[in-house]
Amino acid sequence: MNEFNQQADAVYFASADKKTRLVGFGRQSELMDWENPDMLNQWVAAQSGPIFGGFNFNSKQTLVGIMGGYFVAPKTVIDLTQNTEWQSEVERTNVLRRLVQMRQEDDWVTRMTPVLATLQNDPTKEKVVLGMQTHLALDGPLALDVILDDLEQQQPHSYHMVIKREQEVFVSATPERIVRMQGAQFETAAVAGSIRRGATEAEDAALADDLWRDKKNRHEHDIVVQTIAERLQDMHDLTYAAVPEILKTPQIQHLYTPITGRLDATMTVLDLVQRLHPTPALGGMPQAWAQAVIAEDEAEPRGLFAAPIGYQYPDGSGEFVVGIRSMYANTKALTLFAGAGILPDSDLAQEAAEIQLKMTPMRTLIKGQTHE
Ligand SMILES: C=C(O[C@H]1C=CC=C(C(=O)O)[C@@H]1O)C(=O)O
């Protein structure tokens with residue numbers, strides 16, 4: 001894993017069940033600043049091996065570097081489920097980085113109050129997912145081998161993706177798959193509606209039950225399920241349960257509905273991703289209004305945060321997740337990202353607290369190698 005620190009360019013993807021664990025090194029070819037899906041498709045078609053990367057959440061907002069959207073065809077790709085050697089050496093660094101909080105959005109509730117008022121006063125507006133960014137100053141690069149090792153220890157059941165390009169790195173430990181495609185089969189899911197974990201098993205179960213019965217959270221979840229189902233209505237055998245399950249991460253539990261189906265063989269996972277993004281689990285309803293609110297009222301553009309990130313094999317199969325519960329770092333600064341779904345009956349202070357909770361996995365990850 002030490003190689004992840006030494007290589008200028010590296011990518012890592014692990015699925016939640018850890019049946020897929022891929023690492024890529026080097027840069028055979030890369031794509032940034034594509035202007036339309038055709039440019040991306042042409043670049044993808046020209047690659048002979050797997051590609052990794054992610055989209056800019058809103059391609060109309062130009063951003064420099066990887067946050068503006070980035071795909072890479074690495075020189076070498078290793079399937080870690082076949083190759084165990086690569087994992088053996090994790091050099092825990094003694095160099096502690098100094099991390100100083102620079103800016104956090106203390107005014108988030110005040111700033112978002114007019115958005116809540118619109119949701120309450122205009123019945124055509126149903127939901128918008130609002131993000132928050134916390135900025136910290138950093139005095140050097142993070143040890144990514146340690147980060148990868150700790151991700152596995154601390155968030156064992158999440159999807160993990162790391163995209164490193166020269167001095168930039170984006171890391172996400174996300175519970176949310178946007179879509180996985182293998183042959184003609186695809187699996188997607190709705191993840192929306194959240195509550196904290198309990199301190200005891202009994203409290204945890206009671207909280208899960210509260211979440212499952214809560215009208216606001218069930219509505220928030222149903223919007224996502226229905227929207228995904230509508231966008232995939234021309235697929236075959238579209239299957240999902242009428243009521244959600246509970247999905248637990250160490251910090252938080254969610255309403256969760258797996259959705260499966262079969263598609264025409266000519267489609268790739270990237271085609272499906274572009275059809276699904278942004279689902280109302282990251283955007284909102286109606287979509288155009290929500291996208292405009294996110295662009296205008298969030299403090300800064302999202303970049304890879306909440307956007308599809310993942311990989312595609314040359315045969316068109318692959319997997320993409322959404323880059324939430326994430327961070328972006330270069331050698332001088334680090335940004336933490338998380339968001340929450342806002343509905344007319346949301347309590348903004350409670351949503352802000354939920355966002356803080358969603359930032360704790362990345363905070364814990366960087367704590368191991370930094371001092372305040
Ligand atoms: C936008 C985020 O979460 C979304 C995904 C799952 C549950 C969510 C919620 O309950 O609010 C959000 O829609 C995030 O974690 O940054």
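Author: Start inside. This is a predicted model. Its largest nonpolar core holds 99 residues.

Reader: Which residues have the most contacts inside that core?

Author: Y12, I147, V162, I163, A190 and I342.

Reader: Take I147. What does I147 touch, leaving out residues up to four places away in sequence?

Author: L142, V171 and L365.

Reader: And burial? What share of the 372 residues is buried?

Author: Buried residues come to 44% of the chain.

Reader: Switching to the ligand. How many residues are around the ligand, and which come nearest?

Author: There are 17. The nearest are S194, I324, A338, G339 and G341.

Reader: Which strands supply at least two residues each to that shell?

Author: β12, spanning 185–196, and β20, spanning 333–342.

Reader: Now the whole fold. How many helices and strands?

Author: The chain has 9 helices and 21 strands.

Reader: What are the spans along the principal axes?

Author: About 55 × 50 × 45 Å for the C-alpha trace.

Reader: Why does the radius of gyration agree with a compact globule?

Author: Because a compact globule of 372 residues would have a value near 21 Å, and the chain has 20 Å.

Reader: Last one. Of contacts with a separation of 6 or more, what share joins residues 24 or more positions apart?

Author: Those pairs account for 75% of such contacts in the chain.

Methods
Residues numbered from 1 in each chain as written. Predicted model: local features only at pLDDT ≥ 70, side-chain atom pairs only at ≥ 80, totals over all residues. Near = placed C-beta within 6 Å. Helix = DSSP H or I, 4+ residues; strand = E, 2+ residues; numbered from the N terminus. Core = buried A, V, L, I, M, F, W, Y, C linked by C-beta atoms within 7 Å. Buried ≥ 20, exposed ≤ 12 C-beta atoms within 10 Å, placed from the backbone. Contact = placed C-beta atoms within 7 Å. Rg over C-alpha atoms; globule rule 2.2 N^0.38 Å.
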